[in-house]
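Student: I am new to this structure and would like a close look at one part of it. Could you take me through that part slowly?

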Amino acid sequence: MRTSPLTLLAFALLLVNCRDDTVIRQPTENETYPIVITAGAFRYVLHDDVTREQAAHIGDSLLSNYERIMRHLRVGTMPQVTISLWAPGHSNDFYAEMESRIGQVYRGATGYTPTNSEMCLLWNPSTPKSAVHEYAHLVSIALKPDIGNNPRWLWEAIAQYESRTYERPADWTPDQRAFPGFAALNQYNSVLPYRWGYTICAFIIDRWGDDAYISTINANGNIPSALGITEEEFGTLTEEYVKSMAGS
Ligand SMILES: [Zn+2]
């Protein structure tokens, strides 16, 4: 029986992924915190009480998504990314680090990217998925270095879309399906950039294609220059898209 090159490639990828996985799960003798694990494209720093099993869950999640995201955002190479992890019982340490790294504390936030090759995460059951969201932020920086919160709606939209994080518009209330406008979507401490993020990118890609999605990022969300319509028209069309998704 002939083995196709594709099968061999899949097998090789599986081996690489398994090896990274084993490295994360395998404790060394008498290890003390912080535990530092280097595994392929990622480096993990486990602070007090974070388990290797928790880090491995994050590793599994990143390994099954990172190449797809790089391909979709047309980024050929990424720096090795360091994932620093804090246990829920040490949230004070997580927020103290946040203050020293970015000069601000966002209470309730459980992940952020202090540099273009680092993410800091406070463990909770959805952290493996959040790590993919944070990784998408880093890939978007590799594509467009000044995209961080510039504008905020697009920054979060890319991360929500690439990490496949969304609530179905069918589950939104009728009021929630009204386009809130870009000023509202750029607010901090608001669910709006997260709720609308996935759908905004899905709409751009469905209607104009991947090239236009990349152009929108390269234009820092300048809708008229990237898509050739006004922001107001974009809002109206996005709202129609959401309503069609919701079947209303
Ligand atoms: Zn984000």
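Student: Leaving aside its neighbours within four places in sequence, which residues is Ile-158 in contact with?

Tutor: A word on the model before we start. This is a predicted model, in which local features need pLDDT of at least 70 and side-chain atom pairs count only at pLDDT 80 or more, while totals for chains, interfaces and linings use all residues. Residues are numbered from 1 along each chain as its sequence is written.

Now to your residue. Once neighbours within four places in sequence are left aside, Ile-158 is in contact with Ala-136, Ser-140, Cys-201 and Ile-217. Two residues are in contact if their C-beta atoms, placed from the backbone, lie within 7 Å.

Ile-158 also belongs to the largest nonpolar core, which has 49 residues. Ala-55, Ile-83, Leu-85, Tyr-135 and Ile-158 are the ones that touch the most other members. At least three residues of this core come from each of domain 1 (5–143) and domain 2 (159–246). A nonpolar core is a set of buried Ala, Val, Leu, Ile, Met, Phe, Trp, Tyr and Cys residues joined through C-beta atoms within 7 Å. A residue is buried if 20 or more other C-beta atoms lie within 10 Å of its own, exposed if 12 or fewer, and partly exposed in between.

Next, the two domains, whose bounds come from an automatic or database domain assignment. Their centres, taken over C-alpha atoms, are separated by 27 Å. Domain 1 puts 10 residues into the contact and domain 2 puts in 7 residues. On the side of domain 1 that touches domain 2, helix H3 (66–72) and H5 each supply at least two residues. The largest share of that side, 7 residues, comes from H5. Helices (H or I, at least four residues) are DSSP runs, numbered from the N terminus.

H5 (residues 127–143) has another partner to look at: its axis and that of helix H2 (residues 52–63) come within 8 Å and cross at roughly 45°. Axes here are lines fitted to C-alpha atoms over the stretch in contact, with angles from 0 to 180 degrees between N-to-C directions. You have met Tyr-135 already, as one of the core residues that touch the most other members.
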